[in-house]
Amino acid sequence: MKKLSHYELTTILKPEGGMDAIRQFAERVDGIIAGMEGKIVNVKFWGEKKLAYEIKKNLKGNYVYFNFVADGPTIHEVERNLNIWEHVLKFMTIKLDNKANIEELLKSAEGIASLTDKEKKNVAPAIVEETAEEEKKEEVTVDNKAYNEKLQESLSNSEDDEDENVEL
Amino acid sequence: MVYRKRKICRFCSGKETDLDYKNAELLKNFITERGKIIPRRISGVCAMHQRVLAREIKKARTIALLPFTVTGK
């Protein structure tokens, strides 16, 4: 009897090939896990996201998230393959701490059928995010003005205002 | 002397339950514009949650959801 644990694997793929490439990739990962008596609970496509920093000259990446049950050597095998596949930019496996629920997870496992095209849904929030960032920048500049005004006021005022300086 | 009201930990109050590296939008509130983790004396997060928070921010950095540094370029 293998000792199974619950894992999650987040992978970043090159933003090429569209949904077919993602589905194909998920099938290959599923093939490895299933071949070693593991089971995928669910797979999610987070959409094409902007990376926080450049990875192998890429500024954007397709995020694919796997939630699965497997044993230690399986993780080793999956990671070995991810290192070989050139379209995988980066990946991170995390062991989740819920040993008690593994049997339940195996029962409720959906496999790679749970992979759906969420790119369309993700487009709208991305735009909102960008505008929100712009707004933040504006707010910061306004704050700076207000801050400067306060500072000058407090400087021009008499001794009693030392407390205000502390507060600023 | 200026006495200020003690800040309450956002995670202890039960409003924020999804403290996870996947929730990068939440974690963004706890890093500076330069990408540094905000100390808990500023953010008011309790010691226990600050440890969890720091761990999740570091995970999010690993998978490029959050930056390690933000430079002017």
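Why does Met92(A) count as partly exposed, going by its C-beta neighbours inside 10 Å?

Mentor: Happy to. Keep in mind that this is a predicted model, with an ipTM of 0.80 and a pTM of 0.70.

Now to your residue. Met92(A) has 16 C-beta neighbours inside 10 Å, so it counts as partly exposed. To be called buried it would need 20 or more, and to be called exposed, 12 or fewer.

Where does it sit? You'll find Met92(A) in strand β4 of chain A. Set aside the neighbours within four places in sequence, and Met92(A) is in contact with Thr10(A) in its own chain, plus Lys59(B), Thr62(B) and Ile63(B) in chain B. Take Thr10(A): it is 82 residues away from Met92(A) along the chain, yet their C-alpha atoms are separated by 5.4 Å.

Let's step back to the sheet. Chain A has an open sheet of four strands in the order β2-β3-β1-β4, with antiparallel pairing. β4 of chain A is an edge strand, pairing on one side only, and β2 of chain A is the other edge strand. From one strand to the next, the twist averages 20°. Over at the β2 end, eleven bridges join β2(A) to strand β3 (residues 58–70) of chain A, and the two run antiparallel. If you want one pair to look for, Lys44(A) has Tyr65(A) as its bridge partner in β3(A). There is a helix to spot here too: α2 (residues 72–84) of chain A lies across β1, β3 and β4 of chain A, and runs at about 165° to β4(A).

Next, the contacts with the other chain. Altogether, twelve residues of chain A are in contact with nine residues of chain B. The largest share, four residues, comes from β2(A). Sorted by class, that side of chain A has seven nonpolar, two polar and three charged residues.

And the partner? Chain B averages a pLDDT of 88, and 92% of its residues score at least 70. Within chain B, confidence is highest in helix α3 (residues 47–62), at a mean of 94, and lowest in helix α2 (residues 40–43), at 90.

Conventions. Residues are numbered from 1 along each chain as its sequence is written. Chains are lettered from A and ligands numbered from 1 in the order in which they are written. This is a predicted model: local features need pLDDT of at least 70, side-chain atom pairs count only at pLDDT 80 or more; totals for chains, interfaces and linings use all residues. Two residues are in contact if their C-beta atoms, placed from the backbone, lie within 7 Å. Ala, Val, Leu, Ile, Met, Phe, Trp, Tyr, Cys and Pro count as nonpolar, Asp, Glu, Lys and Arg as charged, and the others, Gly among them, as polar. pLDDT is the predictor's confidence in each residue, from 0 to 100. Two strands pair if DSSP finds at least two bridges between them. Axes are lines fitted to C-alpha atoms, for helices over the stretch in contact, and angles run from 0 to 180 degrees between N-to-C directions.
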